[in-house]
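Here is a short report on backbone angles and ring pairs. Look over the sequence and the structure first.

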Amino acid sequence: MDLLEVFKDSEDVMYFQAGSVIAEEGAEGNHMYVVMSGEVTISINKQILATALSGEIVGEMALINSNIRSATVTAKTDCRLALIDQASFNSLLRYVPDFSLHVMKVLAERLEHAYDVIGH
């Protein structure tokens with residue numbers, strides 16, 4: 001799924017400088033992001049688990065699970081991110097089946113990678 005194409009005209013875009021914390025583990029979260037440009041890292045307990053590149057999503061767990069961030073997302077480079085709030089996320093899940101499959105695939109890959117990183 002080409003999320004860059006889907007969100008290219010989004011008006012809900014934020015800019016972050018390299019090193020900025022975008023979402024903090026344990027904090028409340030009510031939106032996720034599509035990385036429109038740049039790179040961000042995803043870490044738990046200060047251990048980097050993954051890097052998300054342009055076209056990838058981050059922060060989805062807070063919308064699915066409990067509204068609590070399960071990881072910290074930090075701008076690795078200057079980046080531009082499109083915001084997706086809970087209502088938009090729910091609409092995408094309901095009306096865009098490819099989006100639902102995409103989110104499940106991302107979650108499965110990140111979980112598998114996290115297990116590799118922590119040694120299980």
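## An exposed loop

Lys 46 counts as exposed, at 83% relative accessibility. Exposed means over 50% relative accessible area, buried under 20%, and partly exposed in between (1.4 Å probe, protein chains only). Lys 46 sits in the loop between S4 and S5. Its phi is positive, about 65°, although Lys 46 is not a glycine.

Asn 45 lies in the loop between strand S4 (40-44) and strand S5 (47-52). Asn 45 is exposed too, with a relative accessible area of 63%. Its phi is also positive, about 50°, and Asn 45 is not a glycine. Most residues other than glycine have a negative phi.

## How the model is read

This is a predicted model: local features need pLDDT of at least 70, side-chain atom pairs count only at pLDDT 80 or more, and totals for chains, interfaces and linings use all residues. Residues are numbered from 1 along each chain as its sequence is written, and side-chain values use heavy atoms, with hydrogens and water left out.

Helices (H or I, at least four residues) and strands (E, at least two) are DSSP runs, numbered from the N terminus.

## Aromatic pairs

How many aromatic pairs are there? The count comes to two. Rings of Phe, Tyr and Trp (its six-membered ring) pair if their centres lie within 6.5 Å; planes under 30 degrees apart are stacked, over 60 edge-to-face, the rest tilted.

Phe 16 and Tyr 33 pair edge-to-face, 6.4 Å centre to centre, with 90° between the planes. Phe 16 is in strand S1 (residues 13-16) and Tyr 33 in strand S3 (residues 31-37), 17 residues apart. Phe 16 is buried at 13% relative accessible area, and Tyr 33 is buried at 3%.
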